[in-house]
Amino acid sequence: LICIIISISNFAQSNDDCFACHDDNSLKGTRNGKSFSAFVNDKSLVGSVHKELKCVECHSDVDPDDLPHADDLKKVNCSTCHASEGDLYKECLHGKASAKGDKLAPICQTCHGTHNILQAKNPKSPTYPFNIPYLCGRCHREGTPVQLQRNIPQDRILENYSESIHGEGLLKKGLIVAATCVSCHTAHRVLPHTDSRSTISRKNIAS
């Protein structure tokens, strides 16, 4: 009963209440002693897949009776709604690295965005097939912190893909049916080839 009362209390707060402060592009917040922009573009939110949601449905630790709220809010837990993807992420290389506190490990927001999440079929979405190599290439290309500071068994990943028949089909001919990174590695459960469950395990390559 207490949880229901809290939930109703939170959801009674409208997005307009939040934008009363967060539509100010000079608004700053502090997290772990560092300043960051707390501005949220309401136009981005209106165009996103979450446009029907209220801010407090994701930012569930905001107390509507104590505003302005504290700076140190918890990171939004996307698996609250996207449970199956969250379970896959926990098993994958990215999720395990994040759980260990690796600041270079991607989280949901790294790939999907925050307030401006678009459907994968939208050409402006970072997860649109044509954009996938560039998305993964943010980390998996030469000279990035991940490539320089982490033990990645392959090199020139983005370059090699772009020169492959799949890369040429996608990047030069615009064939969005061509295989991208996630076609082989999957999106949320990236496992090493030495793991028998991995889609790139030797016994699974053909399928």
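## About the model

The structure is predicted, so local features need pLDDT of at least 70 and side-chain atom pairs count only at pLDDT 80 or more, while totals for chains, interfaces and linings use all residues. Residues are numbered from 1 along each chain as its sequence is written, and side-chain values use heavy atoms, with hydrogens and water left out.

## A hairpin

Let's begin with strands E1 (residues 28-31) and E2 (residues 34-37), which run antiparallel and are joined by four bridges. Strands (E, at least two residues) and helices (H or I, at least four) are DSSP runs numbered from the N terminus, and two strands pair if DSSP finds at least two bridges between them.

Arg31 stands opposite Lys34 in E2. Two residues lie between the strands of this hairpin, and Asn32 in the turn has a positive phi of about 55°.

## Leu175 in a loop

Where does Leu175 lie? Its place is the loop between helix H11 (165-172) and helix H12 (181-185). Leu175 counts as partly exposed because its relative accessibility is 43%; buried means under 20% relative accessible area, exposed over 50%, and partly exposed in between (1.4 Å probe, protein chains only).

Lys90 belongs to helix H5 (residues 83-91). Lys90 counts as exposed because its relative accessible area is 57%.

Leaving aside neighbours within four places in sequence, Lys90 is in contact (heavy atoms within 4.5 Å) with Gly95 and Lys96. The C-alpha atoms of Lys90 and Arg189 are separated by 8.0 Å, and these residues are 99 apart along the chain.
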